Every structure is written in structure tokens, then in C-alpha cells.
Amino acid sequence: MTTVALIYDFDGTLSPANMQEFGLIQTFGSNPAQFWNKSNTLSEMNDASEILCYMKTMIDEAKAKGVTLSRESFRKFGSMVKLYPGVSEWFSQINSYGAERGIDVVHYINSSGLTEMIEGTSIYNEFKKVYACSFLYENGEAIWPAVAVDYTAKTQFLFKINKGVHSIRDHSLVNQFLPESERPVPFSRMIYFGDGATDIPCMKLVKQFGGHSIAVYNPEGDNYEKSKQLYQEQRVHFVCPADYSKGGKIWNVVTSIIEKIKTDVELKSLEG
């Protein structure tokens, strides 16, 4: 079967807010605005990575409030994360649609959120691999960032998906020469879903290499104009409201892409 990879950002793409805002930040005695202000100030004062600074702020706030950040606690808060309409049913429905047409649809996360929290969500088992931030642990408690995923780091995972490399730490296999014909997931068979600035390099890269990029916006929020601008700047092919229900725009766009890929594969087989 032909493999097609659907690659998603998480916050703002599958969920209407940052995953840390569904209970985790509140355990520090802060509201989300206070937490992100503290994290962003740390980043600005030190000209440091926003991702590393939010992870450090999380550890510092937990210590100050006597909160233990364990894998189990992250997963517990992950189970509280809200999802956009249709997300829970999306995976089985689109998998079945692809399988009926000889397409093996596989799903990946490419996020600046936390792997440990995604592990606690109801959809975690739908993904072949989650590429996201994570912590190192000592005596069961988070003590230091293990993986920090910013907008440029996200692009490396596209090449790992392209070559079938699932290890985050690996730098050798992903850089080895592999003929295009032997790569498990050509860029032309990737569909990238994102909502914000950290997704722009991936959106543009997938689009440039023949795949398809979709800017997702919250129909109840204020990011439609930003998504529309991404389309006007030719960074994405499609702008869709964040509703993954069967028959919605995302469904119609993705099923049309699957049909196109199916046709492209059939035409390729007739060459010569």
C-alpha cells in the first residue's frame, strides 16, 4: 500500500489552547497569562529560547509550589486536554477512507508541546510517532529539558519521517544518503497541519517539496486573518476551520488529496 503521512502540530491545531493551560499551569497558582508572561520575560531578558524558557519556568514554578512534575502527573493533565470537534473520530474515519483506496494513512505529531502530556490524551495511540518536547527525570521528577522543539527543530522531524527514522537522538541515519525511490514517505505524500508561527517553516517546506500544507484556525478565535495571510504569502495550500468532522472542509480537503495521490501513483505505474 502507498503510505501517506498526516503530520500535525498539536496546540491550536488539534486542541483550542496550549495543552499546559488545561489544569497544569493552574496547579502553580498562576493563570495562563501570568505563566506565559513570566516565561516570555525570562526569554527576552536572556535572549534565550522561548521553548527552553517555558520548560525551565515550569520546573521553577513547580518547585516553588511544592508540585511534583512526574510522568504520571503530566499524563493526568494530558487527559484533561480538550480537542476540536471531530478529532476523536477523525483518525479511524480517514484511515478507513485511505485503506479503501489502497492508501495506508499514518499520523505523526510535530509539536512544541509536551510528549508526556500528549501520552495522556485519548488520541495518543493514533500516532506512529510523537515528536515533541520532553523532560529528563531523576527519582521520578522532571529536572531538565530532554528535548526542546522550536520552529526550526520541527523541520528535522519531517526529514526523519521522510526516511523512516523514529529516534529523536539519531543524527546518523537521517543524514545518510537514501535514494528518493527508497524513502518510506516522500514529501509529496505528506500533509502538514499547523496553526501558527512555529509551523511556518514546515508548512513551506512540505509545500515546496510537493506535499500539501493546511493552516487550521479556531472558528471561535481570532487567528483566521493570520491563517489567511499564510495562504496569501503562499506558505500553505488551504485554510480550514478547526473541525475534523466527516463532511467538513478539512475532511473534503484531505480526502481530495488522497484521491490525487492515488491517481498520481496509478499514472506513475503506467509510465514507460
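Accessible areas come from the Shrake-Rupley method with a 1.4 Å probe, and for residues only the protein chains shown count as cover.

**Figure 1. Overall view of the chain in this predicted model.** The accessible surface of the chain comes to about 13,100 Å², and carbon and sulfur atoms contribute 49% of that surface. Residues are numbered from 1 along each chain as its sequence is written, and side-chain values rest on heavy atoms, with hydrogens and water left out. Because the model is predicted, local features need pLDDT of at least 70 and side-chain atom pairs count only at pLDDT 80 or more, whereas totals for chains, interfaces and linings use all residues. The chain has 9 helices and 7 strands, these being DSSP runs numbered from the N terminus (helices: H or I, at least four residues; strands: E, at least two). Of its 272 residues, 49% count as buried, where buried means under 20% relative accessible area, exposed over 50% and partly exposed in between, with a 1.4 Å probe and protein chains only.

Figure 2. When its neighbours within four places in sequence are left aside, Ser70 is in contact (heavy atoms within 4.5 Å) with Tyr137 and Gly140.

Figure 3. The whole structure holds 18 aromatic pairs, for which rings of Phe, Tyr and Trp (its six-membered ring) must have centres within 6.5 Å, with planes under 30 degrees apart counted as stacked, over 60 as edge-to-face and the rest as tilted. Since Trp36 belongs to helix α1 (residues 32–46) and Tyr54 to helix α2, the pair ties together parts that are 18 residues apart in sequence. Both Trp36 and Tyr54 are buried.

**Figure 4. Close-up of the aromatic pair of Phe193 and Tyr244.** The ring centres of Phe193 and Tyr244 lie 6.3 Å apart and their planes stand at 35 degrees, so the pair is tilted. Phe193 is part of strand β5 (residues 190–194) and Tyr244 sits in the loop between β7 (238–241) and α9 (249–269), so that the pair ties together parts that are 51 residues apart in sequence. Phe193 counts as buried because its relative accessibility is 0%, and Tyr244 is likewise buried, with a relative accessible area of 0%. Ring pairs link Phe193 and Tyr244 into a cluster with Tyr8, Trp90, Phe91, Tyr97, Phe127 and Trp251.
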